Amino acid sequence: GLKELWLNDNKITSLPPFERLEKLVEINLRHNELREFPIIKEGTPLKALLLGANQISVLPEDRLRHVTSLTILELRENKIKKIPDCIVELIYLERLDLTNNDISSLPFIMGRMETLQSLQLDGNPLRSLRRDIVSRGTAELLKYLSSRIENDPPEDTPTLNSQSHQNKMKFSPFRELEGKSPVVGGRNELDLSRHKLTELPENAFDDTSISNLNLGFNKLSSLPDTVAIFHRLTAFDIRNNLLSDLPSSLSSCKLLRDVNISFNHFKVLPVILYSMPSMENIMACDNHINSIDVNGLMKLKNLSCLDLHNNDIQQVPPQLGNIEWLRHLDIGGNPFRNPRPAILSKGTADLLAYLRDRIPT
């Protein structure tokens, strides 16, 4: 079934419900004339919804609750005035772009969005938030919002590890952990996140059929070679650790499609990633990556999403534009001077075309 739908840069004013496209992972509707948030069928495994530069003014709660699997939601340059409290039900959301809307305040409960790494608010009339608070960055802003919540959350307030919430959301991949014992979900998934681990417990390797491994939000500075025992691994989340490299043994994980190494200490993308032919999504924001290995990336013929924002990249090689199969490329928040922000804001297709035009002949 169709996994990616690109309808950007048209003059679309309305859309029928996405009822039959049940396998969509990414929808790009940038630069249209949409007035309403699209209707997505509940349970669709959507990861990225790009709605920038439209005329959307309202975020209906019932429609937001159908896209709770999102990791990226782009709503920049619309006419949105209010963010509903149910935004916190997007328990996997990592990036929320609300740039250039009409938002005057944010719900304090957003301070409990545990996975949110990037919240962009420039160009909004935020009367209830001081500019210095917003300028401190996402983590500090969320901390401030959390501090303004007067009472403890009700029992059904959703968080990533909330058992009651996961019982309601059939696509939630991980069961709640007890202590440091790994818990395997019903779909060969293992969650060892948020346990302050400095090394992996021995019983983590008991089940070699694991396909989805989450080691995020720990204190791991290295991974053992034995992690490659998960030879059926398709998704690997190691965000928010202290890692600067990955073991070469991971080359045996030929089925790996999704890797999240954000918020670590990597100075380059791990070379081992270039040997994984099934790789589709690499999330590597907020590291110390200082260069882009185009030759390595060119080996990944299935690569769809590459996120390198908030790193130390000084130059963007124009040859990056030759990776024409990329559907989402984020290199914002780096110290390079070119491409300029105006080019970056146009989207991936235009950015790649811009880079190709600058390849020396």
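A residue counts as buried when its relative accessible area is under 20%, as exposed when that area is over 50%, and as partly exposed in between. In this predicted model, buried residues make up 52% of the 361 residues in the chain. The chain has seven helices and 14 strands. Of the contacts between residues at least 6 apart in sequence, 32% join residues at least 24 apart.

**Cavities**

- Two cavities of 30 Å³ or more are present in the structure.
- The second largest cavity holds about 40 Å³ of space.
- Its lining includes Trp6, Asn8 and Asp9, as well as Asn28, Arg30 and His31.
- The lining of this second largest cavity also takes in Lys346, Gly347, Thr348, Ala349 and Asp350.
- Helix H7 (residues 348–356) supplies three residues, the largest share of that lining.
- By residue class, the lining of the second largest cavity divides into two nonpolar, five polar and four charged residues.

**Arg30, a lining residue**

- Arg30 is one of the residues lining the second largest cavity, and its place in the chain is the loop between E2 and E3.
- The relative accessible area of Arg30 is 9%; the limit for a buried residue is under 20%, so Arg30 is buried.
- Leaving out residues up to four places away in sequence, Arg30 touches Asn8, Asp9, Leu50, Gly52, Asn54, Glu74, His328, Gly347 and Thr348.

**Ile40, in the E2–E3 loop**

- Ile40 is found in the loop between strand E2 (26–28) and strand E3 (48–50).
- With 3% relative accessibility, Ile40 counts as buried.
- Not counting residues up to four places away in sequence, Ile40 touches Phe18, Ile27, Leu46, His66 and Val67.
- Ile40 and Leu64 are 24 residues apart in sequence, and their C-alpha atoms are 8.8 Å apart in space.

**Rings and charges**

- How many aromatic pairs does the structure hold? The count is zero.
- Arg194 lies over the face of Phe217, at 3.8 Å from the ring centre.
- The charged end of Arg327 sits over the ring of Trp6, 5.9 Å from the ring centre.
- A charge sits over a ring only if the charged atom is within 6 Å of the ring centre, among other criteria; the Arg327 and Trp6 distance is 5.9 Å.

- Arg194 is located in the loop between strand E8 (189–191) and strand E9 (212–214), while Phe217 lies in the loop between E9 and strand E10 (235–237).
- Arg194 counts as partly exposed, at 27% relative accessibility.
- Phe217 is partly exposed as well, with a relative accessible area of 21%.
- Buried residues have under 20% relative accessible area and exposed residues over 50%, so Phe217, at 21%, falls into the partly exposed class.
- Phi of Arg194 is near 60°, a positive value in a residue other than glycine.
- Phe217 is not a glycine either, and has a positive phi of about 60°.

- The peptide bond from Asn338 to Pro339 is cis, with omega near 5°.
- Pro339 lies in the loop between strand E14 (328–330) and helix H6 (341–344).
- Leu344 is found in helix H6 and is partly exposed, with a relative accessible area of 24%.
- Apart from neighbours within four places in sequence, Leu344 is in contact with Ile331, Gly332, Phe336, Pro339 and Leu351.
- Leu344 and Gly332 are 12 residues apart in sequence and 7.1 Å apart in space, C-alpha to C-alpha.

**Lys82, an exposed loop residue**

- Lys82 is found in the loop between strand E4 (72–74) and strand E5 (95–97).
- Is Lys82 buried or exposed? At 64% relative accessibility, Lys82 counts as exposed.
- Lys82 and Ser104 are 22 residues apart along the chain, and 7.5 Å separates their C-alpha atoms.

Terms used:
Residues numbered from 1 in each chain as written. Predicted model: local features only at pLDDT ≥ 70, side-chain atom pairs only at ≥ 80, totals over all residues. Heavy atoms only, no water. 1 Å grid on protein atoms, 1.4 Å probe; cavity = no way out; pocket = protein on both sides within 12 Å on 5 of 7 lines; lining within 4 Å. Points joined across faces, edges and corners; volume = space filled by probe spheres on them. Helix = DSSP H or I, 4+ residues; strand = E, 2+ residues; numbered from the N terminus. Nonpolar A, V, L, I, M, F, W, Y, C, P; charged D, E, K, R; others polar. Phe/Tyr/Trp six-rings, centres within 6.5 Å; stacked < 30°, edge-to-face > 60°. Lys NZ or Arg CZ within 6 Å of the ring centre and 35° of its normal. Buried < 20%, exposed > 50% of the residue type's maximum accessible area, 1.4 Å probe, protein only. Contact = heavy atoms within 4.5 Å.
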